[in-house]
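Hi,

Here is the structure I promised to pass on. Have a look at it first, and then read my notes below.

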Amino acid sequence: MATPAEWLEGARLRTLPAAIAPVIAGSAVAVHGGGFHPVRAALALAVALALQVGVNYSNDYSDGIRGTDSAEHRAGPQRLVGSGAATPGRVKAVAFTCFGLACAAGLALVVSTGAWWLLAVGAACVLAAWFYTGGRRPYGYAGLGEAFVFVFFGLVAVCGTTYVQLLRVPEASVWAGVGTGALACAILVANNLRDVAGDTRVGKRTLAVRLGDARTRWFFVFCCFAGVFGFFEAAASTTWWGLLALLAAALLAGPVRLVLAGAVGPALIRVLKLTGLAELAASVLLFAGLWLGR
């Protein structure tokens, strides 16, 4: 049976990089544009963290009540509901508390910027977070998880962070969104590749299940290269100091090698960890580069 501490450790591999990296990358572009706003950046980070943690608890709840996360179906760390470590109601309450915190921080950004249309963006983010595995027809069960991760934890998160600081979205912000979004997709691809056997048994048709083992592994490689390309273009549209971000590509060599070598099950947890570190490192290095070249 999983303990809450074990669950949080497993979630940490996905949560921190996917939440923090886009905000750092978006703020990097704001730095280069001469409009870095620490308070608004902190609020954007609060939104991203609350949404990502909320997604993890929401997924735990929805998968748990469907029975797709029971111990016999999981290759990775056990979930709270699926393992019986927490009641569904309690996990659901935590998820909605996190969504509420995200809304509160988002509302503060709306008031600060005067951009009321951001309310619609925030609502879309919360709905996307819930319906990933929630509702009658969750899109995560239809193989659309990677597409939504790319959009919301890549393009929307990065461009939104830049916008609330500069009140505009430069080309570099879009490319940085491509970089972080692609690497966030790679994390999800590795996660779903690890769980493909169990997901197939319970009828969870993730993209990995639909593509099959071999094509999923090459899709992971594609996401890694797309991430590096996105950061390269972000540097090309700002300052070549931004190429510092490409140093993070060294962290992707191990995951790519493991995936192509046929790593399965728990062995893919290392892939998750290193890919997440690569996304976070690339964003930090982009920030450093655009700060130096501003």
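This is a predicted model: local features need pLDDT of at least 70, side-chain atom pairs count only at pLDDT 80 or more; totals for chains, interfaces and linings use all residues.

Let me begin with helix H4, which covers residues 88–113. H4 has 26 residues and reaches 38 Å from its first C-alpha to its last, close to the 38 Å expected at 1.5 Å a residue. Its buried residues are Val 91, Ala 95, Cys 98, Phe 99, Ala 102, Ala 105, Gly 106, Leu 109, Val 110 and Thr 113. As a reminder, residues three or four places apart in an α-helix point the same way, because there are 3.6 residues a turn. Just after H4 comes Gly 114, with a positive phi of about 75 degrees.

Val 110 is worth a look of its own. It lies in H4 and counts as buried because its relative accessibility is 1%, where the cut-off is under 20%. Leaving aside residues up to four places away in sequence, Val 110 touches Ala 115, Trp 116, Leu 118 and Leu 119. Gly 122 is twelve residues from Val 110 in sequence, and their C-alpha atoms are 9.8 Å apart.

Now to the helix pair. Helix H6 (residues 145–166) packs with helix H7 (residues 171–194) at an angle of about 145 degrees, and their axes are 7 Å apart. The crossing of H6 and H7 is right-handed. The contact between H6 and H7 has 14 nonpolar, eight polar and one charged residues.

Happy browsing, and do write back with your thoughts!

Best wishes

Conventions
Residues are numbered from 1 along each chain as its sequence is written. Side-chain values use heavy atoms; hydrogens and water are left out. Helices (H or I, at least four residues) and strands (E, at least two) are DSSP runs, numbered from the N terminus. Buried means under 20% relative accessible area, exposed over 50%, partly exposed in between (1.4 Å probe, protein chains only). Contact means heavy atoms within 4.5 Å. Axes are lines fitted to C-alpha atoms, for helices over the stretch in contact, and angles run from 0 to 180 degrees between N-to-C directions. A crossing is left-handed if the near helix is turned anticlockwise from the far one by less than a right angle, and right-handed if clockwise. Ala, Val, Leu, Ile, Met, Phe, Trp, Tyr, Cys and Pro count as nonpolar, Asp, Glu, Lys and Arg as charged, and the others, Gly among them, as polar. The expected span of a helix is 1.5 Å times one less than its number of residues.
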